[in-house]
Amino acid sequence: MFSWLARIAFACWRPVSRFTRMNKDNNNNINDELEEDSSSLRDPLLWCRDLEKHSYGDFSYAVVQANEIIEDHSQVETGKDATFVGVKHLTHHSTGFARTSGTISEDTLRSAFSSTEDEFLTLVRRTCGIKPLIAAIGSCCLVGVIWKGTLYVANLGDSRVVIGYLGRSNKIVADQLTRDHNASIEEVRQELRSLHPDDSHIVVMKHGVWRIKGIIQVSRSIGDAYLKRPEFSLDPSFPRFHLSEPIRRPVLTAEPSLFTRVLQPSDKFFIFASDGLWEHLTNQQAVEIVYKYPRAGIARRLIKTALSEAARKREMRYDDLKKVDKGIRRFFHDDITVVVIFIDHESFGTKMLVPELSVRGFVDSIGPSNFNII
């Protein structure tokens, strides 16, 4: 019998079969300038919560779907003691460990990642006989928790946290807090080669893209069991995931990169986003947009800016891109999740009446938060 943590981990991996195709603009009277395009047609695959409260300020949240079944999963939990952001869904493990230990630390997040990985591999072991492709399911994960004036972050893969802070001459500056685990980065390729000196094909260029074993770009993930355990290797009937030689040791790892930052007066906001955003916007471009425009709807604005750039690269207009349905849309851009967390330092140490909410991206529901550390 699975523990409740294992059941939640399983739920995080199930394909989502139903989504409401609509734009949840909960602030209908925000500035007209938020709509950059001249058309009144809304993007039917865009969901958002334009502005909500958390214990240290406001947050803005938006998701756009590109795949036939959306692959981005995300959640924001607000409580009286802390604020939690999860992209690719590690929420329940992290909040569960927080409630058990009564504190937040890098060890808390490391344990959450480890438990999620262990329980998913257990699921793979139990079901791969009848569903062998479960061994090829994997996910990046990005988690951030703000607690007692400190941000704790853990990540696997290439979702990213970028901070916007005021530098010299009161100019907004971008600083990437996380490390991308992607074979397109020379440092990552060198790391893989040093870990696998006897494998000349640990990273190879395929169709102009660096890939690990010619298959996958990210070097760290939850799942992808066939690249971690030889017993989960897939046979030639699955050519996309078949390895010519069995692995001798794990090719990928689920060990997260960890980061802790004590919030400074110059820190203005954090952008949590999946890699779909960063394919089209630089860190500095993103923070300048957040700093320049009103808070309400800023996550939606970031996504629309990225989509406009994706359309431009294909010599088309964003108005035209909005008419492209899910699945086909993936040829133009990936699923994109953006959460912008604003930091209002005057709220530190005060007893703000903040709604304790659990908000899931692309799902038309808000429930009570369980994220209270006692």
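Visitor: Is Lys-148 buried or exposed?
Guide: This is a predicted model, in which local features need pLDDT of at least 70 and side-chain atom pairs count only at pLDDT 80 or more, while totals for chains, interfaces and linings use all residues. Residues are numbered from 1 along each chain as its sequence is written, and side-chain values use heavy atoms, with hydrogens and water left out. Buried means under 20% relative accessible area, exposed over 50%, and partly exposed in between (1.4 Å probe, protein chains only). Because its relative accessible area is 64%, Lys-148 is exposed.

Visitor: Which phi value does Lys-148 have?
Guide: Lys-148 lies in the loop between strand 6 (141-147) and strand 7 (150-156); helices (H or I, at least four residues) and strands (E, at least two) are DSSP runs, numbered from the N terminus. Lys-148 is a residue other than glycine, yet its phi is positive, near 50°.

Visitor: Where does Lys-213 lie?
Guide: Lys-213 is not a glycine either, and its phi is positive, about 55°. With 23% relative accessibility, Lys-213 counts as partly exposed. Its place is the loop between strand 11 (209-212) and strand 12 (222-223).

Visitor: Which residues does Thr-150 touch?
Guide: Thr-150 lies in strand 7 and is buried, at a relative accessible area of 10%. Contact means heavy atoms within 4.5 Å. Not counting residues up to four places away in sequence, Thr-150 touches Val-145, Thr-260, Arg-261, Val-262 and Leu-263.

Visitor: How are helix 6 and helix 7 oriented to each other?
Guide: The axes of helix 6 (residues 283-292) and helix 7 (residues 298-313) come within 10 Å and cross at roughly 140°. Axes are lines fitted to C-alpha atoms, for helices over the stretch in contact, and angles run from 0 to 180 degrees between N-to-C directions. Angles under 35 degrees count as roughly parallel, over 145 as roughly antiparallel, 65 to 115 as roughly perpendicular and the rest as oblique. Helix 6 and helix 7 are therefore oblique.

Visitor: Which residues make the contact of helix 6 and helix 7?
Guide: Helix 6 contributes Ala-286, Ile-289 and Val-290. From helix 7 come Ile-298, Arg-301, Leu-302 and Thr-305.

Visitor: Where do the buried residues of helix 6 fall, seen down its axis?
Guide: Asn-283, Ala-286, Val-287, Ile-289 and Val-290 are the buried residues of helix 6. The arc is that of the directions from the helix axis to the C-beta atoms. Since these buried residues line one face of the helix, they fall within an arc of 155°.
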